[in-house]
Amino acid sequence: MDNLKVRLENCYGISSLDEAFDLSNARGKAKAYSIYAPNGLMKTSFSRTFDALSKGEKPKEERFNRQTTCIVEVDNVDIQKEQIYVLKSEIEINSDNEAVTNILINQESKARYDSLISNINKLKSKLGTSLQKKSKIKKDDVENKLINDFHADDFVRAIELAKEIVIGDDLGSFIYNEIFDPKAIAILESPEFLSKSNEFNQRYQELFNQTGSIYSRGVFNPAKADTSFNTLNNQGYFAGGHKVHLKGDASSIDYEELQEKMKIVHESIDCDAELKKLRGNLSKNAQTQALISLLESISATEVDLLLHNVKPENQVEFKRSLWAFYIQNSPDTDVFLEAFSANQTELRQIELDAATEAPNWSKAIELFNNRFVDMPFTLSLFNQVEAALGKDKAKLKFTFKDGDDRIDCTRSEIKSLSQGEKRALYLLNFIFEVEDRKRKSAPTLFIIDDVADSFDYKNKHAIVQYLEDISKVEYFSQLILTHNFDFFRTLSNSFVHYERCLMASRTADGIKLSKAEGIKNYFIGKWKEHITSSDFILCATVPFTRNLLEYIKGEDDPDYLKLTSLLHWKEDTSQITIGEYYEIYNRLFGTTYPTNNTNSFKELLFSKANEIKNRANHDGLNLEDKVLLSIAIRMTSEIFLIEEMRKIKENDAYWCQSKNQFGALIKSYVKELPDSNAIKTLEKVSITVSSNIHLNSFMYEPILDLTIEHLTTLYSEILELESAVSVPQESEPAL
């Protein structure tokens, strides 16, 4: 996996992206790219696109339902779904990854185990078929029914118990499922059957033996007669004038005569209300009719045996006796038991080894424990043997201890974890997945989306370490996306080659990825070298220079105060020249830049801010542009506020004297004009940029996470406010 081509159009939030990634390890470069992208720009959409591909699905454009184009090629061949793994930014910890099971399996042991089990299962299946034919129970239910009837732990033990039963009678005529069908059992356990079964059977058998009987045992019985004659009547046979001719009768008879005839035939049973009810119940459905057919087909001795054994108190033993008869009379029984017994020693040894050996699993857990510290749980398995032999999915066991208290729970039962702990647990799945793919030597492109969120610094370092470990596997490649510049910088300082550190920006044509600048030290790497060649960098260095003066000389230093006037709207702001700023810069840094430029620094600031605002495309990190815009936004806001306060105070000479000027101005303005429409925009300025124009705001981290589009929009809003008031000529920013 050396060359990756990605062309996306209308894939979730990405309107267009066309990039090629050189993932070869030429000159020792790691097969990894890091991509810095502010939130809302492309990360989630990019990850969702690859996630869809990994599932064999086509990415979508969900908002406007536009036509989607998605071409992803590896070495000029379409990427396969199996080659993609996406580590999402969303935390999902409710289920265990299948890779947990996969790395537990010892393939050699599993192959031998499966071979032994396969042969046994074939013989077991053959025996099951034999028992199904004899019992008429569904084959899939035979094993459970047998185990339940013998209260055994497993199928083999039930068979062994059945073999031990001594059978004194021939039970070949009895079919388990016909006798113990729920509907048949309901009849057998009814009060009528329990009290009248022998008498009913005697009289029922006489129906076939009496002179002139219309019944033939096993062919035509009372239940069939009722069904036949009722069907004829219901279908209008008799109403149409037809008659029936019964065997032995001299003439045909109509329906009324037939009813009278049947009444006489059944007199011996129907004269007793309980026997009549029992006859009716036995004719109700196919299950009960099967029972009556059995009574017809067996001998008197067998009938007595059946009637005795179906009594409630005898049913348990009768079930076992039936199973024993089927099992003892099946040639498949001994073949199965012999094969099972012959292989038990080896099977148990394999299972014992599976319970104690899990090198891949142990390696993954050791990795997790070594990388991520201060986790509140220890890890083990609920079902190591079954998982190691591929008989069941692995179920992770999380053990929490507090003094003598201990609780074991599954992943879905875990409660009260911090976000960092949840993130670490989510990464555990990732570790298992990586180890599984290592085991298979599976070429994989990992898409890593903001993996460092929610972690403290020690665990962020652990993540970088692990990603670096992955980069050393020759068939693994990575695209690591993040909105965290500090994490982005850490990646470049560790294993991601500088040339493979990219920054995402939005253009009129879509998303563009460009090579990062000044990652290791933006101030030295870019600003220091270009302060005289770039007016944007020149303006952006003001807060940097001012903060250093604050650290070195304090807030009362004249140079510090003059630079404060370049960051706020003060009385002397308009008079400070570019040359004066260079004088201060030279004194601080020992440089010798020309100081003869008499142009207004403030005019330069606003001129460059407007250039940025009107620029169609913004490439790269844009830190100098963001800092410059932030200064211009706040200064323009202060111009607006001071002019408004001058009107309110009726004092054209008013200036704010507070050290926290912007905050003081907003507070005064809101107090005087609480319903002003401008307050909402001014609050955006306060929240977004005002406190961030400082080197000590974590190396500009807050501004880095702001998009340039957000700042240009806010600057435009402020300009609209400022243009709505009359500003003296000396205070107007150059537009």
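Is E555 buried, partly exposed or exposed? In this predicted model, E555 is partly exposed, its relative accessible area being 37%. The views below take up salt bridges from a search of the whole structure, which finds 33 of them.

**View 1. The salt bridge between E555 and K659.** The closest N and O atoms of E555 and K659 lie 3.6 Å apart. The pair joins distant parts of the chain, 104 residues apart, with E555 placed in the loop between helix 23 (535-552) and helix 24 (558-567), and K659 in the loop between helix 27 (623-649) and helix 28 (661-672). Whereas E555 is partly exposed, K659 is exposed, with a relative accessible area of 73%.

**View 2. The salt bridge between D559 and R587.** Here the side chains of D559 and R587 meet at a distance of 2.9 Å, taken from N to O.

**View 3. The salt bridge between D486 and R489 within helix 21.** The closest N and O atoms of D486 and R489 are 3.4 Å apart. Because the two residues are three positions apart in helix 21 (residues 485-494), about one helical turn separates D486 from R489. Both D486 and R489 are buried.

**View 4. A network of salt bridges.** R27, K29 and E499 are the residues shown in this view, and a network of salt bridges links them.

Conventions:
Residues numbered from 1 in each chain as written. Predicted model: local features only at pLDDT ≥ 70, side-chain atom pairs only at ≥ 80, totals over all residues. Heavy atoms only, no water. Salt bridge = Lys/Arg side-chain N within 4 Å of Asp/Glu carboxyl O. Helix = DSSP H or I, 4+ residues; strand = E, 2+ residues; numbered from the N terminus. Buried < 20%, exposed > 50% of the residue type's maximum accessible area, 1.4 Å probe, protein only.
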